[in-house]
Protein chains: 6
Amino acid sequence: MQLQLMTWPDVQAYLGRRTDIIIPIGSTEQHGPTGLVGTDALTAEAVARGLGEAVGAIVGPTLSVGMAHHHLAFTGTITLRPTTLIALVKDVVASLRRHGFRQVLFVNGHGGNIATVNVAFQELYAEASLAGEGAGVRCALVNWWDGSRVPALCREFYAGQDGSHATASEIAVTWALFPETAREGTAHEPPVAPSGKGWTDAGEYRRNYPDGRIGSNPGLATIEQGGRLLAAAVEDMAEKHAAFLKAGE
Amino acid sequence: MQLQLMTWPDVQAYLGRRTDIIIPIGSTEQHGPTGLVGTDALTAEAVARGLGEAVGAIVGPTLSVGMAHHHLAFTGTITLRPTTLIALVKDVVASLRRHGFRQVLFVNGHGGNIATVNVAFQELYAEASLAGEGAGVRCALVNWWDGSRVPALCREFYAGQDGSHATASEIAVTWALFPETAREGTAHEPPVAPSGKGWTDAGEYRRNYPDGRIGSNPGLATIEQGGRLLAAAVEDMAEKHAAFLKAGE
Amino acid sequence: MQLQLMTWPDVQAYLGRRTDIIIPIGSTEQHGPTGLVGTDALTAEAVARGLGEAVGAIVGPTLSVGMAHHHLAFTGTITLRPTTLIALVKDVVASLRRHGFRQVLFVNGHGGNIATVNVAFQELYAEASLAGEGAGVRCALVNWWDGSRVPALCREFYAGQDGSHATASEIAVTWALFPETAREGTAHEPPVAPSGKGWTDAGEYRRNYPDGRIGSNPGLATIEQGGRLLAAAVEDMAEKHAAFLKAGE
Amino acid sequence: MQLQLMTWPDVQAYLGRRTDIIIPIGSTEQHGPTGLVGTDALTAEAVARGLGEAVGAIVGPTLSVGMAHHHLAFTGTITLRPTTLIALVKDVVASLRRHGFRQVLFVNGHGGNIATVNVAFQELYAEASLAGEGAGVRCALVNWWDGSRVPALCREFYAGQDGSHATASEIAVTWALFPETAREGTAHEPPVAPSGKGWTDAGEYRRNYPDGRIGSNPGLATIEQGGRLLAAAVEDMAEKHAAFLKAGE
Amino acid sequence: MQLQLMTWPDVQAYLGRRTDIIIPIGSTEQHGPTGLVGTDALTAEAVARGLGEAVGAIVGPTLSVGMAHHHLAFTGTITLRPTTLIALVKDVVASLRRHGFRQVLFVNGHGGNIATVNVAFQELYAEASLAGEGAGVRCALVNWWDGSRVPALCREFYAGQDGSHATASEIAVTWALFPETAREGTAHEPPVAPSGKGWTDAGEYRRNYPDGRIGSNPGLATIEQGGRLLAAAVEDMAEKHAAFLKAGE
Amino acid sequence: MQLQLMTWPDVQAYLGRRTDIIIPIGSTEQHGPTGLVGTDALTAEAVARGLGEAVGAIVGPTLSVGMAHHHLAFTGTITLRPTTLIALVKDVVASLRRHGFRQVLFVNGHGGNIATVNVAFQELYAEASLAGEGAGVRCALVNWWDGSRVPALCREFYAGQDGSHATASEIAVTWALFPETAREGTAHEPPVAPSGKGWTDAGEYRRNYPDGRIGSNPGLATIEQGGRLLAAAVEDMAEKHAAFLKAGE
Ligand code: NI
Ligand code: NI
Ligand code: NI
Ligand code: NI
Ligand code: NI
Ligand code: NI
């Protein structure tokens, strides 16, 4: 169920039955020579919608722009400052809380969002704690690749060449979603991107990772893998979702 | 061309040829008993993508949550505070400017965003003006219904019953996009919603407009009209786009 | 009745009878070679005070500095960032609300303030809506030139040469208020300033409008016209005021 | 010379000769049973304009709303939050700096503004210091009653009954400016208001000072005193102004 | 070397040799029935100072108040909102950067600070990235318990009863530092505190963890252990420090 | 009693008896060629702890970083922007208020903090006043040198050569606290530093005060004086503390 495709009486009826909602959050940033700029938003959205189907929960609109300043030296990247993203997430959750949503699960597609989104939850909770009131809502962020099935498939498919940015797996998922964008078998140079160095600003990131990839070999990705990864991610997330609902009981 | 479906080298190549970009911005808010919560985002996205095709321009990610606090008394509405939306738009434009985009056109699907998004542009320009520098980017917001063709069709289709919120026309466009959500011919009570009263907070809005609509009769909307409206909007926006590019010459 | 010239028991007595107040808001910015820097504040103040007399309402202090960054390339202009003006207007309204004022009408003298001041109202309302509370106050902004009488006089006096910045009409009003500043019949070069181009930052504004005027011929302005325009504006605003009070019933 | 009554070429010519400017800042707040709500703004404006005449300096627009939350339990008071006033003062000074003003002297009419306005200067300077740049402008705040002549007159006129809020002297000045508002000889009960207690919020202020006055006996004020106080204040401020200009040499 | 105990010429001389600095950051929050409110600040400070001695680096002032809203239902806890802590950390780092410090290592004593402090780094870096500039400084946060030696000792000393808040180990360290506060062998009820539940606001935290501890048995802590843990932490941190300096090469 | 060395049940017991607390606040900034960077924090902390002992009150954690941008041209100085310090102080006080602390006395070691910390109190009070609520807490800031005994000793010890920054007296106190840092009898050039000039940014401060001192001769300071000054300051502060508690009755 997509919130965007429901009427308000539909949503009201849902809230009579249950009070959880899923929000996809991604990023708009470079993903190497062959990965899509929208990878993190597209994958988060697809996994979140699959999860919504699987567990019967409403899926809200995708927050497609995240915290990605370190990719700004590559054309096309859009970032929010962390404090902007905090304000954004707070307002989204505050809106949902007003209606009676009590569990808000963010399905995330971008590692760079994790700290900031969690801090946004704390900012909201801190206001309640300082006022001596209850927060009125429980939030969590889960990364779509953080279950058991997806890592297992990655090991099977990529044998240590999945990497940590512009990963073979996330690129495979986008190709499964948008086959017309697939560039299966494209040779990268070097095939496996460098890894292991940190960064501060965007300039340093690019100096360390000249084509944008970290540790990945997207030349291994296929549309077929993408479909299997997506299905696995939905199953993984269904477990996370169940654990999240249980955590607040 | 969707930014989300391009690689960063694709974007860089584009910037060698031209420097404009289109950003769809909508809202997530009630649209009456039969309109979709995502109407303003879905319509803005569809029109913006059509425009992108028509003029060969890149279309960025859809900003699906806008300034919609007055709809919060209807379940499912999500709002940003105006100051949050200002920060969001500023960061998006600042990111694009860094890459060399010089014309950013927001295609808007929600009247409640207009003032705030324009103020965001001014905030960005004001920083430049106070620093004695050039802004480095020109921004504009256009509403997809603000050309000549769409209003003409609305008069033809709805004869004064299009209204100003949860309009027959915007609902028709969403049904053309998502036919499975169509509720053609649903009777509303009253058929034409009340209109003419202002509002302050969400509670007052709902007291004035009990089912969410303003002045509209969505019972007149059809999928077929939606297709024609969408095509007309794209043509209208192409004119706006040309005027926007010309304005900065 | 000027708030500034009343005692607090006077104000309290007034609130026992009615709950509306008028706030003049202007700007401090260049108005071409012969117009006063304070034009927008001086005119707003004069019209607001005339309106206060006409309808028996309290008129608060004039907010003389507005959103005018685009005029900063001309010496003497002072601007607030939009977000500063939002905070300012919010605090003013919040103060008035605390006392029981329920209708706050801003009489505005500067086009550049319109979006920002309206966004300030929305910021205040949004806080209420998110909290599920009533806003407790209704706000509106009206421009003193936005009635029927003033445009009619402008057509009569200036026949299309009134313009849109450093207008003949606003300059005439200031000369009626401060005859010692009048420069009637000063020739401008060109007599009618250019118009039709937009702007981003202050530098671009000045490149497009080298002496500061847009589309106006202040050489046509006279003190006598100013007096008639002022009287007409007060009558126009009295209609707006009545409509504003009625809107909330 | 009032900035508001000059044209931009006038201001530019002035900046060819000297780079200082005077900004009046006051407050809109209760001043006891007989004092005007605008007292602090009206007196600051009158003294600043007198000073401008005396020393040939430009006087900018009056900032009529200040930091006065503690008076909010008395009807008619308007306050800015301190952080709003900081933003306001920063933007005003930043605008003036852009034009080449290098000395900005705030002539203040309200004790409650002192700390906040000085902090605003520090906020501006701190940005420069952190950037390793020069501030580009020197700011100071002086209270119009802080010279030698005004205190001497107060001792002569009021012999210890001038007080510290709704003072006999400031009320006398407003009556000299607006004789129609004078309420000479009004008996207060008690004649001399209480004093000596601090306060936190507005409610506590009112509990301590039930009619708004602190330590004053406005029943002693006369129009004639007001004229003499105003003249003395201008002379006092001329000394402060000279010292301010000298401080930066 | 403590920054607080150096003169500015001392610091300048140091910067001629090396450009790294250590900042201890902790929290002021409840630590169960027998743990000190200052535990997280006291331990971070002691470890940081030991580290400074070990590696010859300057240690800055301890930031003793952190992000601890979830402990507010226990008396004595002080928290910053996350956004306040972000601003604080940003200003501290910006100050150090101005002097030429290029590596700033925060030695942390409180799990609740981790996300927020890292987001502060990103906020600083994001400004640089958006401006197309270098950040000019590299920051990292390390928790004093995150090496190899401390966890090994914890297993030896507490065999799974160290817990995750008000841990036996951190309490032991504070007792080693302030033996007069030691309450060795105090019985807790239950001996091992509950664990495994999350929380949102402070009220929920207290409902889940009634005496403040999570999973710990401070009854096992001794002064003697504290001394050994502290020494181990310094050795662990020296490894982290070396890795941090190497990361930026 | 140090808050940092108490358990939460200790604090709760204290609040059953009394509701006041002391917070030391200082700065991290240059103090001339022989004064410690931490002088203002170290002295404030020592005086506050002495005061706490003397009057039996809890002393909170030291806020060691203050508003010191004007010292940034000297290596080692750390500053907060004023608005950051306002946020910090507000959160600290809001946390304490939540527990039932009703009187918060800041013992200050740095002149540059005074305005900003007082503005922070007003920001907190203003929120209450605008909401029509009580502030719930009373705050004050006292400088440790602002009693009668310390100035008398300074006159005795330094005869007009104490100065106003990097004062002989404050340096003496730090030497009494950390004798290993003492540099008694160091000759300064000139012996008495210049004084009398203001400043804006850090660069101007350094041009006016090349070695950092203002008007002081730290060559006169001795450890022995420091001990007497510290004892005198504690006595002075005990008087201030009593007056503070009485002020709210
Ligand atoms: Ni990715
Ligand atoms: Ni709509
Ligand atoms: Ni104008
Ligand atoms: Ni006054
Ligand atoms: Ni701890
Ligand atoms: Ni000092």
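Predicted model: local features only at pLDDT ≥ 70, side-chain atom pairs only at ≥ 80, totals over all residues.
In chain D, strand 1 (residues 20-25) and strand 3 (residues 103-108) run in the parallel sense and are paired over six bridges.

- The pairing of strand 1 with strand 3 belongs to an open sheet of four strands in chain D, which has the order 2-1-3-4 and parallel pairing.
- Strand 2 (58-59) and strand 4 (138-143) of chain D each have a single partner strand and stand at the edges, so one side of each is left without a neighbour in the sheet.
- Within this sheet, D:P24 has D:V107 of strand 3 of chain D standing opposite to it.
- Helix 2 (residues 39-55) of chain D lies across strand 1, strand 2 and strand 3 of chain D, and the helix runs at about 160 degrees to strand 1 of chain D.

**The sheet of chain A**

- Chain A also holds an open sheet of four strands, with parallel pairing and the order 2-1-3-4.
- The edge strands of chain A are strand 2 (58-59) and strand 4 (138-143), each of which pairs on one side only.
- Strand 1 (residues 20-25) of chain A runs parallel to strand 2 of chain A and is joined to it by two bridges, and A:I22 stands opposite A:V59, a residue of strand 2 of chain A.
- Helix 2 (residues 39-55) of chain A packs on the sheet, where it touches strand 1, strand 2 and strand 3 (103-108) of chain A, and its direction makes about 160 degrees with that of strand 1 of chain A.

**Aromatic rings**

- Over all chains, a search of the whole structure finds 54 aromatic pairs.
- In one of them, the rings of E:W144 and E:W145 have their centres 5.7 Å apart and their planes at 80 degrees, so the pair is edge-to-face.
- E:W144 counts as buried because its relative accessibility is 2%, whereas E:W145, at 27% relative accessibility, counts as partly exposed.
- The rings of F:F74 and F:Y205 are also an edge-to-face pair, because their planes stand at 90 degrees, with the centres 6.2 Å apart.
- This pair links distant parts of the chain, since F:F74 is in the loop between strand 2 (58-59) and helix 3 (82-99) of chain F, while F:Y205 is in helix 7 (residues 202-208) of chain F, 131 residues apart.
- Both F:F74 and F:Y205 are buried.
- One aromatic cluster is formed by A:W8, B:F74, B:W199, B:Y205 and B:Y209.

**Chains without contact**

- Chain A and chain D do not touch, and their nearest C-alpha atoms are 18 Å apart.
- No contact joins chain B and chain F, whose closest C-alpha atoms lie 18 Å apart.

Conventions
Residues numbered from 1 in each chain as written. Chains lettered and ligands numbered in written order. Heavy atoms only, no water. Pairing = 2+ DSSP bridges. Contact = heavy atoms within 4.5 Å. Axes fitted to C-alpha atoms, helices over the stretch in contact; angles between N-to-C directions. Phe/Tyr/Trp six-rings, centres within 6.5 Å; stacked < 30°, edge-to-face > 60°. Buried < 20%, exposed > 50% of the residue type's maximum accessible area, 1.4 Å probe, protein only.
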